[in-house]
Amino acid sequence: MTISESQQEIIDEFSDIEDWMDRYAMIIDMGNALPPIDEKFKTPQHLIEGCQSRVWLNAEEHDGKIDFTADSDAIIVKGIIAMLIRVLNGHTPDEILSADLRFIDEIGLAENLSPTRSNGLLAMVKQMRLYATAIKMRNQAQS
């Protein structure tokens, strides 16, 4: 599934839900469904800077595609990182770096987050792109 298709799936899932309390419940459910991150990655070097909550993120490359794992100690934030992983997981560094994450605005997420959570969302996206950049540069150096 492409990044665009994954985003559209999320947009469609949210389109029938008007109330933001129900939307938050759905985001929490997504976080609860997030596969657990290996405990060895719950270290300070895997914490995302700029998040008020603690968010651990790891990225590994398999066959040219990046697989992310994450966890958070905040239930809504865990749901947000789960959505980002759902959209970006299993794609190449170039696909991740060129992705327009339009679903964030289209479901109204950005405008319905507190300023600190909005900053955390930006920090999560930034960290995922930094991982993609680092993997891309490593691959270029090896070829």
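This note goes through a predicted model point by point, from its nonpolar core to its charged pairs and surface.

1. The nonpolar core. The largest nonpolar core of the model has 46 residues, and among these Phe68, Leu84, Phe103 and Leu109 touch the most other members. Two or more residues of this core come from each of helix 1, helix 2, strand 1 (55-62), strand 2 (65-72), helix 3 (75-88), helix 5 (103-106) and helix 6 (115-142). Helix 3 gives the largest share, which is 10 residues. As background for a first reading, nonpolar side chains in soluble globular proteins tend to be buried together.

2. Although isoleucine 11 and isoleucine 107 are 96 residues apart in sequence, their C-alpha atoms are 5.9 Å apart in space.

3. Salt bridges, and one between lysine 42 and aspartate 71. In one of the bridges the side chains of lysine 42 and aspartate 71 meet, with 2.8 Å from N to O. This pair links distant parts of the chain, since lysine 42 sits in the loop between helix 2 and strand 1 while aspartate 71 sits in strand 2, 29 residues apart.

4. The bridge between glutamate 61 and arginine 138. Here the side chains meet in a salt bridge of 2.6 Å, again given from N to O. Glutamate 61 is in strand 1 and arginine 138 is in helix 6, so that the pair, 77 residues apart, links distant parts of the chain. Glutamate 61 counts as partly exposed, with a relative accessibility of 24%, and arginine 138 is also partly exposed, with a relative accessible area of 40%.

5. The side chains of arginine 102 and glutamate 106 form a salt bridge in which N and O are 3.3 Å apart. Arginine 102 is partly exposed at 21% relative accessible area, and glutamate 106 is partly exposed at 47%. Elsewhere, salt bridges that share partners join Glu39, Lys42, Asp71 and Lys78 into one network, which includes the pair of lysine 42 and aspartate 71 described in point 3.

6. A patch of negative charge. On the surface, Asp12, Asp16, Glu18, Asp19 and Asp22 gather in a patch of negative charge. One of these residues, aspartate 16, is placed in the loop between helix 1 (3-15) and helix 2 (20-32). Aspartate 16 has a relative accessible area of 71% and is therefore exposed, given that the word is used for values over 50%.

7. A backbone angle to check. Aspartate 63 has a phi near 55 degrees, a positive value in a residue other than glycine. For comparison, most residues other than glycine have a negative phi. Aspartate 63 is found in the loop between strand 1 and strand 2, where its relative accessibility of 80% makes aspartate 63 count as exposed.

Notes:
Residues are numbered from 1 along each chain as its sequence is written. This is a predicted model: local features need pLDDT of at least 70, side-chain atom pairs count only at pLDDT 80 or more; totals for chains, interfaces and linings use all residues. Side-chain values use heavy atoms; hydrogens and water are left out. Patches are made of residues with over 30% relative accessible area and no salt bridge: like charges are joined within 9 Å, nonpolar side chains (Val, Leu, Ile, Met, Phe, Trp, Tyr) within 5 Å. Accessible areas come from the Shrake-Rupley method with a 1.4 Å probe; for residues, only the protein chains shown count as cover. A salt bridge is a side-chain nitrogen of Lys or Arg within 4 Å of a carboxyl oxygen of Asp or Glu. Lys and Arg count as positive and Asp and Glu as negative; His and the chain ends are not counted. The place of a charge is taken as NZ of Lys, CZ of Arg, CG of Asp or CD of Glu. Helices (H or I, at least four residues) and strands (E, at least two) are DSSP runs, numbered from the N terminus. Buried means under 20% relative accessible area, exposed over 50%, partly exposed in between (1.4 Å probe, protein chains only). A nonpolar core is a set of buried Ala, Val, Leu, Ile, Met, Phe, Trp, Tyr and Cys residues joined through side-chain atoms within 4.5 Å.
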